[in-house]
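Please take a moment to look over the structure shown below before reading on.

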Amino acid sequence: MKPRQLLARTPLHVTILVFAAIWLIPTAGLLITSIRSPSNIAATGWWTVFPKLFSGGQFSLENYAGVIFKEGLGRSFLNSLMISVPATAISTFVASFAAFGFAWMKFSGRKVLFMLLVGAMVVPLQMTFIPILPIYRKLGLSGTFPGIWLAHTAYGLPMATYLVQSFMSGIPKDLFDSAAIDGASPFRTFWSIVMPISIPALASVFIFQFLWIWNDLLVALIYLGGRPNVAPVTMHIANLVTNRGADWELLTAAAFVSMALPLVVFFSLQRYFVRGILAGSVKG
Amino acid sequence: MLGVKARRRRLSRRFAETLERSRMGRLLLRSVRPVGQWFRSGGWRPWSFVGPALLLIGFFLVYPTIATIIRSFFGRGATLFGPNLEFVGLANWKFVFTNSTMLMALRNNALWAVLFTTFTVGFGLALAVLLDRVRYERLIKSIIFVPAAISGVGVGIIWKFVYAYKPAYIPQIGVLNAIVVAFGGQPVGWLIERPWINNFALIVVGIWMWTGFCMVILSAAYKNIPKQLLEAARIDGANEWRVFRRIILPLMAPTAAVVGTTMVVMVLKIFDIIFVMTNGNYSTEVIANRMYKEMFNFMNYGRASAIAVVLLILIVPFMILNIRRFAAQEGGR
């Protein structure tokens, strides 16, 4: 590239790098702080580690050991898994049935019901807590895993159904005609033809829902109450902020524990995640 | 010997004949037969596919919406309905629109809606266009997109630490105050200085979290624009700014509108960040956080319901927009 061109492009690169810095520095600060000793954290900024980066003795994983074992965040991590994996699986499963029905079956009220579904996507969850919580309490579902599985399943359904439906309705019709000629029932058509084809779409929805549920705080606060034995990571950390708000060694390590799994999912399956987001917003 | 099926058929025919003899029986038959037909013709089949989802949505989203609206006209107490609940008419609504904390929450939500939406969509658009011109696009995109994958709680802690405050005579541990002090300023209590600094500080956190989401969608739209179009304009002598104003912006406006409405709907319900970073103290209250407090701290389901309905009312226009857009898509297929 000619020097003049390079000069002309400098503002572009600088702008982009400033953005990148603003998006990197806060997270980097969290990570570095989480492996420093509590006395160092309170005394100096995390950026002071750089001049003596290789002199050793600055970093340890003690904060993580403390927060996972002593503070019981390990248990919460398992709870988060126990909440998000089944809830995601159930909602993806139920949504794919509904999506097939809406995409390829004829029944009265199909259009109206689907519009209801589209409308339900943006209903604030705040509208639903007050009527459901008393029922949950009466049935003994509040503070239990099945209770929150059901709630997350239902809350995720409109979006999940919408996404899978938009994928399934794009499947060529000939496929169904030949299946019908072969005498396949709708269920067989769905299960052995449509579902295998839809795996990329289902993967997107699964990841999307999983991250949503894993990161959820509000629904957990409502339906799991203050019970520490079932609290997911997000709720546990929110409690830490209230009770130990100045203990940065705990908060930073805990926050990173909560981010670890989403980050792994994000970087390994980013393609599907992006596809889910795109399908949800700019369909057609 | 008759087969089981044939025997069953004969039995049911005899049963029907017996019923035909009485008037009540005939009435019963007439009302039951369509159901049988419906079963035999397979009319139930679609419902076995969509039924479970509809039941769940009905129970968890539709019924509660109606019940909450009704509940907003009844008094305090932590039950949905009951004999000891007092009908209070519009009292909860009066509270929502006159109480000073509620008014503050409404103001803050409006502030969030304007600033958050403008900047997430604006930055997203700028990044979509700028990043297309450099070779390290994917790397930067990943960096800016990451916050979309982590929780509001995690993001809240990341930024609480960025905003950390120490008195001026000891070293700062928050990066922002360290910068301020390095330039000779006094450390700022970013989350405490009311009412503007702390609210802006919180909105910055929201923008940081959601810009990547907007960027990803807008970038996909940008890459769909035929590049010959832009080239043609450049050859005709249009400068970059003109190309952006006259070609890129109009072509991307529909997508930007969709992203913008998604952001508004999201930001009206903003909760996690506030709950973790300030819990609505120091004039940073928002609607969703206030609703949670009314529900769990003050056990006043009446007021909490009214607040939730306010959220719904604010979102209804966008709901209608969504449904319309969907109907248009359906029509165009």
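**A walk through the two chains**

In this predicted model, the domain assignment of chain B gives two parts, domain 1 covering residues 4-43 and domain 2 covering residues 94-332. The C-alpha centres of domain 1 of chain B and domain 2 of chain B lie 62 Å apart. Along its principal axes, the C-alpha trace of chain B spans about 100 × 65 × 40 Å.

The C-alpha trace of chain A spans about 75 × 70 × 30 Å along its principal axes, and the radius of gyration of chain A is 24 Å, whereas a compact globule of 284 residues would have a value near 19 Å.

The division of chain A gives domain 1, residues 3-51, and domain 2, residues 65-281, and the centres of these domains of chain A, taken over C-alpha atoms, are separated by 34 Å. Where they meet, six residues of domain 1 of chain A are in contact with six residues of domain 2 of chain A. On the domain 1 side of this contact in chain A, the elements that give two or more residues are α1 and α2 (38-43) of chain A, and the largest share, four residues, comes from α1(A). By class, that side of domain 1 of chain A has four nonpolar, two polar and no charged residues.

Helix α1 of chain A returns when the contact between the chains is considered. In that contact, 78 residues of chain A touch 78 residues of chain B, and helix α1 (residues 3-34) of chain A gives the most to the side of chain A that touches chain B, with 14 residues. Sorted by class, the side of chain A that touches chain B has 58 nonpolar, 19 polar and one charged residues.

Within chain B, one pair of helices can be followed in detail. The axes of helix α5 (residues 100-131) of chain B and helix α11 (residues 240-268) of chain B come within 9 Å and cross at roughly 140°. Because of this angle, α5(B) counts as oblique to α11(B), and the crossing of α5(B) and α11(B) is right-handed. On the side of α5(B), the residues that take part include Trp112(B), Phe116(B), Thr120(B) and Val129(B), while those they meet in α11(B) include Phe244(B), Met252(B), Gly260(B) and Leu268(B). By class, the contact of α5(B) with α11(B) has 15 nonpolar, five polar and no charged residues.

Most residues other than glycine have a negative phi, and most peptide bonds are trans. Arg194(B) and Pro195(B), however, are joined by a cis peptide bond, with omega at about -10°. Pro195(B) is found in the loop between α8 (175-182) and α9 (196-223) of chain B. Asn279(B) is found in the loop between α12 (272-277) and α13 (287-297) of chain B.

Definitions and conventions:
Residues numbered from 1 in each chain as written. Chains lettered and ligands numbered in written order. Predicted model: local features only at pLDDT ≥ 70, side-chain atom pairs only at ≥ 80, totals over all residues. Axes fitted to C-alpha atoms, helices over the stretch in contact; angles between N-to-C directions. Parallel < 35°, antiparallel > 145°, perpendicular 65-115°, else oblique. Left-handed = near helix turned anticlockwise from the far one by under 90°. Contact = placed C-beta atoms within 7 Å. Nonpolar A, V, L, I, M, F, W, Y, C, P; charged D, E, K, R; others polar. Domains from an automatic or database assignment. Rg over C-alpha atoms; globule rule 2.2 N^0.38 Å.
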